[in-house]
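Come along and look things up with me.

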Amino acid sequence: MSSQARQVEVGAIEWQRRYAGNGLALNAYRAIIDRIRAARELTEGDIISLAVIVKRTMLAEALQLIDNKQVVRCTSQPSNRVYYRVKGKSEMQYICVANFCSCPYFVYNAVSKEAVCCKHLLAVEIASALDACIEDEVEDHMYAVEVGLATTVVQAKPEKQREE
């Protein structure tokens, strides 16, 4: 595993550790996503429940990303490692892997201000649970390149950034 990919993994583990103790919202979020995954459907009850946990606008934007086929599940070969590419409003592609997103909102709000996720991760979770991702097969080195680049770009972003 590259050092940059390891940084992403460590960041995701730290995020999970940070919110596990006081994470009623995170636990509820995980339970809803697990229910969607098991049923392979998104019910009105799921939408209402998710809207209580995340901003309604975030949920609407995540669902729009899914409807617009903006969630791409990348499987690297031959290792079968998975990461996701999700387009933001400005056509910028964000990388999501292991409960981490390279978007400014996630880095500066979800990690530092106790938000459960960003719209990109929410779209990934729902699309993955519904098997609604666009599939892309990439070579193993692309995993290191894209995931590594995502962590490098995140570290270089100025502190005050709005969500794309």
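Below are my entries, in the order I made them.

**Entry 1: getting my bearings.** I reminded myself that this is a predicted model. I began with the elements and found seven helices and five strands in the chain. Reading from the N terminus, I wrote down the order α-α-α-α-β-β-β-β-α-α-β-α. I then looked up burial: of the 164 residues of the chain, 41% count as buried. I also checked how far contacts reach along the sequence. Among those between residues at least 6 apart, 67% join residues at least 24 apart.

**Entry 2: the sheet.** In what order do the strands lie in the sheet? I read it as β4-β3-β2-β1-β5, an open sheet of five strands with mixed pairing. The edges are β4 and β5 (134-139), each of which pairs on one side only. As a reminder to myself, strands of a sheet pair through backbone hydrogen bonds, in a parallel or an antiparallel way.

I went through the pairs next. β1 (residues 71-77) runs parallel to β5, with six bridges between them. β1 runs antiparallel to β2, and there I noted five bridges. β2 and β3 are antiparallel too, over four bridges.

**Entry 3: the turns and some partners.** I followed the chain from β1 into β2 and found a hairpin with four residues between the strands. In that turn, Asn-80 has a positive phi of about 65 degrees. The hairpin of β2 and β3 has five residues between its strands, and Glu-91 takes a positive phi near 70 degrees.

I picked Cys-74 to look at across the strands. On one strand, β5, Cys-74 stands opposite Asp-136. In β2, the bridge partner of Cys-74 is Tyr-83. I also noted Arg-85, which stands opposite Ile-95 in β3.

**Entry 4: Glu-135.** I found Glu-135 in strand β5. Beyond its neighbours within four places in sequence, Glu-135 is in contact with Arg-73 and Thr-75.

**Entry 5: the cores.** I noted a general point before looking: in soluble globular proteins, nonpolar side chains tend to be buried together. Which residues touch the most other members of the largest nonpolar core? I listed Tyr-29, Leu-50, Val-71, Cys-101, Phe-106, Cys-117 and Leu-122, out of 35 residues in that core. The elements that each supply at least two residues are α2 (24-39), α4 (56-67), β2 (82-87), β3, β4, α5 (104-110) and α6 (119-129). α6 gives the most, with seven residues. Apart from this core lies another, of nine residues, including Val-72, Val-97, Val-138 and Val-147.

I then asked what Leu-122 is in contact with, leaving aside its neighbours within four places in sequence. I found Tyr-29, Leu-50, Val-54, Met-58, Leu-59, Ala-62 and Cys-117. As for α6, this helix lies across β1, β2, β3 and β4 and runs at about 120 degrees to β2.

**Entry 6: the cysteines.** How many disulfides does the structure hold? My count came to zero. I looked up Cys-117 to see why: the closest cysteine sulfur, in Cys-118, is 6.3 Å away, so it is too far for a bond. Cys-118 is in no disulfide either, and its nearest cysteine sulfur, that of Cys-101, is 3.6 Å away. A disulfide needs the sulfurs within 2.5 Å. Both residues turned out to be buried: Cys-117 has 2% relative accessibility, and Cys-118 has 0%.

**Entry 7: Asn-99.** My last stop was the loop between β3 (93-97) and β4 (100-101), where Asn-99 sits. Asn-99 counts as buried because its relative accessible area is 18%, and the cut-off is under 20%. I found that its side chain makes a polar contact of 3.1 Å with the side chain of Arg-30.

Note on methods:
Residues numbered from 1 in each chain as written. Predicted model: local features only at pLDDT ≥ 70, side-chain atom pairs only at ≥ 80, totals over all residues. Heavy atoms only, no water. Buried < 20%, exposed > 50% of the residue type's maximum accessible area, 1.4 Å probe, protein only. Polar contact = N/O pair within 3.5 Å; in protein donor to acceptor, adjacent residues only side chain to side chain. Core = buried A, V, L, I, M, F, W, Y, C linked by side-chain atoms within 4.5 Å. Contact = heavy atoms within 4.5 Å. Pairing = 2+ DSSP bridges. Axes fitted to C-alpha atoms, helices over the stretch in contact; angles between N-to-C directions.
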